Amino acid sequence: MPRTETTPGIEAAAPRTRLRWWTELPLILLVYGCYSAGRLLARGDTAGAVDHGLAILRIEKFLHLNAEHPLNRLFTRETWLGVPADFWYASLHYLVTPAILIWLFRSRAVHYRAARTWLMTSTFIGLIGFTLLPTCPPRLLSAGHGFVDTMAQYSSYGWWGGAASAPKGLGGMTNQYAAMPSLHVGWALWCGVMLWRHGRTPVAKAAGVAYPLLTTIVVMGTANHYFLDAVAGVAVMGLGLFLAPHVMRGADRLWAQFTSPAGHSRPTGSSIVSGGCQTSAGERFPRQRESRDGSGAEPSASPTDAGEGAPAAAR
């Protein structure tokens with residue numbers, strides 16, 4: 001079967017059928033719906049989420065990592081930075097990620113399935129992380145830890161509410177303790193890889209580098225994620241990249257089971273059994289091989305054929 005070049009680390013067989021937008025769109029919406037519902041249900045214990053957030057801060061302090069505080073102070077002090085950063089955080093992952101998917105589907109179809117599988121696999125891994133490790137973001141820690149919630153500070157500028165990056169009045173319908181891992185960073189990294197690998201212009205490749213880097217700065221400056229959340233988001237994408245080929249092969253096997261009629265296939269070159277005689281590949285009738293071995297004479301009769309008491313033919 002011919003092979004096609006795909007995303008680095010993913011080598012998959014050519015698509016079994018041409019992908020159609022009316023099958024892809026429901027699939028993507030279903031996965032995103034499962035992700036959103038699971039993210040909402042896996043809220044976890046608030047006290048445990050706060051403990052996990054503080055534990056991350058202690059680890060970062062031990063490692064001498066403290067990018068969140070200076071960035072958050074800058075975004076809090078400078079409105080011209082804080083407001084665009086909040087719009088970036090609240091909006092772009094809903095816009096850029098689908099736009100890249102559509103672009104790949106329309107213009108880079110040979111790479112689309114592998115890229116889509118990578119993104120979806122990583123998203124489900126992230127959901128597992130939210131479930132097992134609910135984590136309070138920096139902005140929801142007590143004020144004594146030195147963070148300011150820029151989403152609340154600048155809520156009058158945008159469509160989000162002070163409680164979360166969700167629209168005003170819907171903050172209670174989202175899981176605010178899903179900081180670890182940061183899929184904002186993970187999805188931005190995926191978009192960056194797609195732009196860098198499949199973009200044909202220097203502008204596209206530059207955007208592929210800038211978008212995940214700026215997103216990482218934004219999630220820390222707005223106090224929505226710790227630095228280690230961003231690192232975990234990158235790790236999740238790496239694991240998703242590793243698992244995506246296995247997911248595609250499993251999907252292909254399931255597809256083959258559902259589409260192949262049972263009992264209607266026969267391996268090439270298999271023997272045919274008829275009337276107790278076995279015919280080898282290339283023979284038109286039973287015992288053709290025996291007749292070819294001699295000079296065209298009929299095969300020797302068996303003792304049963306010759307009658308009782310007749311000696312058996314030597315073989």
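pLDDT is the predictor's confidence in each residue, from 0 to 100. It matters here, as this is a predicted model.

**Confidence**

The mean pLDDT of the protein is 77. A value of 70 or more is reached by 64% of its residues. Two stretches need care. Over residues 11–16, pLDDT stays under 50. The model gives that stretch 16 contacts beyond four places in sequence. Over residues 263–276, pLDDT also stays under 50. Here the model has 6 contacts beyond four places in sequence.

**Overall make-up**

The protein has 315 residues, and 40% of them count as buried. It contains 11 helices and 4 strands. Take the contacts with a separation of 6 or more: residues 24 or more positions apart account for 77% of them.

**Helix 5 against helix 9**

Helix 5 covers residues 109–132, and helix 9 covers residues 227–259. Their axes are 7 Å apart and pack at an angle of about 115°. The crossing is right-handed. Helix 5 contributes Arg113, Ala114, Thr117, Trp118, Thr121, Ser122, Ile125 and Gly126. Among the residues they meet in helix 9 are Val236, Met237, Leu239, Gly240, Leu243, Val247 and Asp252. By class, this contact has 12 nonpolar, 5 polar and 2 charged residues. An α-helix has 3.6 residues a turn, so residues three or four places apart point the same way.

Helix 2 runs over residues 46–62 and has 17 residues. From first C-alpha to last it reaches 25 Å, close to the 24 Å expected at 1.5 Å a residue. Its buried residues are Gly48, Ala49, Gly53, Leu54, Ile56, Leu57 and Glu60. They pack against helix 3 (68–77) and helix 9.

His64 follows helix 2. It lies in the loop between helix 2 and helix 3. Is His64 buried or exposed? His64 counts as exposed, because its relative accessibility is 74%, and the cut-off for exposed is over 50%.

Helix 8 covers residues 202–221. Its 20 residues should span 28 Å at 1.5 Å a residue, and its end C-alpha atoms are 28 Å apart, so the two values agree. Buried residues in helix 8 include Ala204, Gly208, Tyr211, Pro212, Thr215, Thr216 and Val219. Which helices do the buried residues of helix 8 pack against? The partners are helix 3, helix 4 (79–107), helix 6, helix 7 and helix 9.

Pro212 sits in helix 8. Leaving out residues up to four places away in sequence, Pro212 touches Ala188, Leu189, Gly192 and Ala207. Its C-alpha is 7.8 Å from that of Cys191, 21 residues apart along the chain.

Just after helix 8 comes Ala223, with a positive phi of about 65°. Ala223 is not a glycine. It lies in the loop between helix 8 and helix 9.

Pro181 lies in the loop between helix 6 (150–153) and helix 7 (183–198). The peptide bond from Met180 to Pro181 is cis, with omega near 0°.

His184 is found in helix 7. Setting aside neighbours within four places in sequence, His184 contacts Tyr89, His93, Thr215, Val219 and His225. Two of these residues, Thr215 and Val219, are among the buried residues of helix 8. Ala90 is 94 residues from His184 in sequence, and the two C-alpha atoms are 9.8 Å apart in space.

**Accessibility side by side**

The table sets out the single residues discussed above. Buried means under 20% relative accessible area.

| Residue | Relative accessibility | Class |
|---|---|---|
| His64 | 74% | exposed |
| His184 | 13% | buried |
| Pro212 | 11% | buried |
| Ala223 | 0% | buried |

Why does Ala223 count as buried? Its relative accessible area is 0%, and buried means under 20%. Pro212 is buried too, because its value is 11%. His184 is likewise buried, because its relative accessible area is 13%.

Notes:
Residues numbered from 1 in each chain as written. Predicted model: local features only at pLDDT ≥ 70, side-chain atom pairs only at ≥ 80, totals over all residues. Heavy atoms only, no water. Axes fitted to C-alpha atoms, helices over the stretch in contact; angles between N-to-C directions. Helix = DSSP H or I, 4+ residues; strand = E, 2+ residues; numbered from the N terminus. Left-handed = near helix turned anticlockwise from the far one by under 90°. Contact = heavy atoms within 4.5 Å. Nonpolar A, V, L, I, M, F, W, Y, C, P; charged D, E, K, R; others polar. Expected span 1.5 Å × (residues − 1). Buried < 20%, exposed > 50% of the residue type's maximum accessible area, 1.4 Å probe, protein only.
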